[in-house]
Amino acid sequence: MGDLELHLLMAAHWKADGGLMFGVVPKILWEKQRPADANNMIDCSCVCLIARVNGRVIVCETGIGTKLSEKRAQQVRLREPEGLLHALRRLGIRPDEVDAVITTHLHWDHAGGLTRRDEQGGLELTFPKAKHFIQRSEWDFALHPDVRSQSGYIDDDFTPLLDGHRAVEFLTGDAEVMPGVELRHVGGHTPGSQVMILRSGELACAVTGDLVCQIPHLKVPWTMSADLDALRLLEQKARLLDEAQKHRWLLVLSHEPDDPAGYLEDDGRWRPEPRLQ
């Protein structure tokens, strides 16, 4: 895309509760687009983006990773948890060659791949030489979440980034972290949720995180029950989708299992990126 080299990949496949994913939207509506199994679970993916920008390698989103207990992995029907590293290997990129890691927020299904277990069972950074860009508000909340949000965060996913490593650069709002790489603080889902926007001239690609996690969520009122500030999320989602439609941005939806990247047409319909078909 312009001067950008983008590689889209599935870091994992899993299932999530339909009620969690669609909140107050009646099941009779969302199930037409996302059929649920007998346990009310729907298919999800952890969609990641690897980008080469001006000779630097950026990883956006790391997925669930491999540290879940066997019981928890079975509960969410986790499959292919090593998808991210396998994809990097196919591209000829070693983990220590990744320059920057961007996580939209620190929930376990987005940040689990930031760390992994070594052969002795200890924690290590997946990308030991990378700078990790995280909103300060997200970090602080993840360390001390409210009762409702506690299950969404796992300390082992992210605290090793500071334990003797200092691999984090904390942000306090919107920032251009390198030329052509913008992080927009959107909040809503969590206090420090952010969207990554890559730009090359008039072209742009946005990784939406849980601001727009699947195709049905392109409807502005369709939100998740896990969103902490629904009104802010609605405002930021409407803004992003308006820009994406007007300027023909490529959108990457972080949990969409079928057509995770595409464009919003003038009539609001989703057109998948044809090179992924």
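By class, the lining of the second largest pocket holds 12 nonpolar, 1 polar and 4 charged residues. Here Ala, Val, Leu, Ile, Met, Phe, Trp, Tyr, Cys and Pro count as nonpolar, Asp, Glu, Lys and Arg as charged, and the others, Gly among them, as polar. The model is predicted, and local features need pLDDT of at least 70, side-chain atom pairs count only at pLDDT 80 or more, and totals for chains, interfaces and linings use all residues. Residues are numbered from 1 along each chain as its sequence is written, and side-chain values use heavy atoms, with hydrogens and water left out.

A pocket is an open set of points on a 1 Å grid over the protein atoms alone, where a 1.4 Å probe fits and protein lies on both sides within 12 Å along at least five of seven lines; lining residues have an atom within 4 Å of a point. The volume of the second largest pocket is about 300 Å³, a volume being the space filled by probe spheres set on the points, which are joined across faces, edges and corners. Its lining comprises 17 residues, with Met1, Leu6, Leu250, Glu273 and Arg275 closest to the centre. S1 gives the largest share of this lining, 4 residues.

The largest pocket contains about 420 Å³ of space. Of its 24 lining residues, Leu20, Trp108, Ser151, Gly152 and Ala226 lie nearest the centre. The lining of the largest pocket has 10 nonpolar, 8 polar and 6 charged residues. Its largest share, 4 residues, also comes from S1, a strand (a DSSP run of E, at least two residues, numbered from the N terminus).
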